[in-house]
Amino acid sequence: MSAHNHDHHGHGHDDHGHGHEAGAHGSLKDYAIGFVLSVILTAIPFYLVMTKAFDKSSTTAAVILAFAAVQVVVHMVYFLHMNGKIEGGWSLLATMFTLVLLVIVLAGSIWVMYHMNVNMMPSMGTDVHNMRDMQ
């Protein structure tokens, strides 16, 4: 029978060199601040929608999207503890790369769909009108 070494160093159980800096986990104060900000950033758009504060729905949608973007940042900072120091900044860099790719994909998709609609269906309205006249 071989003797088993129960020393767990090297198996990922120690916190040395694995991207876990001291203070990486939030305190109760950080969680409370994040919670209060999240509630405020949810309550304001809710109030704006329920009171119909803006005449145009597009203005309301733009304001809600702005509040949503701020809330995403609040969640990333206070709950996911993402900043430039954690893991040498790689998690923040990966998030920024993901956001850039998301913007490129969404903008490209909208651009392609708009141009396909303009170029492929220019006379759709007149063709339907002509079909009615033929019957």
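Reader: Is His-81 buried or exposed?
Author: His-81 is buried, because its relative accessible area is 15%; buried means under 20%, exposed over 50% and partly exposed in between, with a 1.4 Å probe and protein chains only. Before more detail: this is a predicted model, where local features need pLDDT of at least 70, side-chain atom pairs count only at pLDDT 80 or more, and totals for chains, interfaces and linings use all residues. Residues are numbered from 1 along each chain as its sequence is written, and side-chain values use heavy atoms, with hydrogens and water left out.

Reader: Where does His-81 lie?
Author: His-81 is in the loop between H2 and H3. Helices (H or I, at least four residues) and strands (E, at least two) are DSSP runs, numbered from the N terminus. The phi of His-81 is near 55°, a positive value in a residue other than glycine.

Reader: Back up a bit. How many helices and strands are there?
Author: The protein chain has four helices and zero strands. Read from the N terminus, the order is α-α-α-α.

Reader: What share of the chain is buried?
Author: Of the 135 residues, 13% count as buried. The accessible surface comes to about 11400 Å², and 70% of that belongs to carbon and sulfur atoms. Those areas come from the Shrake-Rupley method with a 1.4 Å probe; for residues, only the protein chains shown count as cover.

Reader: Which helix has the highest mean pLDDT, and which the lowest?
Author: Helix H1 (residues 28-50) has the highest, 96, and helix H4 (residues 124-134) the lowest, 59. pLDDT is the predictor's confidence in each residue, from 0 to 100. The mean over the protein chain is 80, and 72% of its residues reach 70 or more.

Reader: Where does pLDDT stay under 50?
Author: Over residues 10-18, for which the model has four contacts beyond four places in sequence. Where pLDDT is low, the predicted coordinates should not be read in detail.

Reader: OK, H1 then. What span does H1 have?
Author: H1 has 23 residues and reaches 32 Å from its first C-alpha to its last, close to the 33 Å expected at 1.5 Å a residue. The expected span is 1.5 Å times one less than the number of residues.

Reader: Which residues of H1 are buried?
Author: Gly-34, Ser-38, Leu-41, Pro-45 and Leu-48. An α-helix has 3.6 residues a turn, so residues three or four places apart point the same way. The cover over the buried residues of H1 includes helix H2 (57-78).

Reader: What about the nonpolar patch on the surface?
Author: Phe-35, Val-36, Val-39, Ile-40 and Ile-44 form that patch, with about 420 Å² of accessible area together. Patches are made of residues with over 30% relative accessible area and no salt bridge; like charges are joined within 9 Å, and nonpolar side chains (Val, Leu, Ile, Met, Phe, Trp, Tyr) within 5 Å. A salt bridge is a side-chain nitrogen of Lys or Arg within 4 Å of a carboxyl oxygen of Asp or Glu. Val-39, one of the patch residues, is in helix H1 and counts as partly exposed because its relative accessibility is 41%.

Reader: What comes just after H1?
Author: Lys-52, which takes a positive phi of about 50°. Lys-52 lies in the loop between H1 and H2 and is exposed, with a relative accessible area of 66%.

Reader: And in H2, which residues are buried?
Author: Thr-60, Gln-71, Val-74 and Met-76. H1 and H3 are among what covers them.

Reader: Last one: is Ser-91 buried or exposed?
Author: Ser-91 counts as buried, because its relative accessibility is 17%. Ser-91 lies in helix H3 (residues 90-120), and it touches Met-82 and Ile-86, not counting residues up to four places away in sequence.

Note on methods
Contact = heavy atoms within 4.5 Å.
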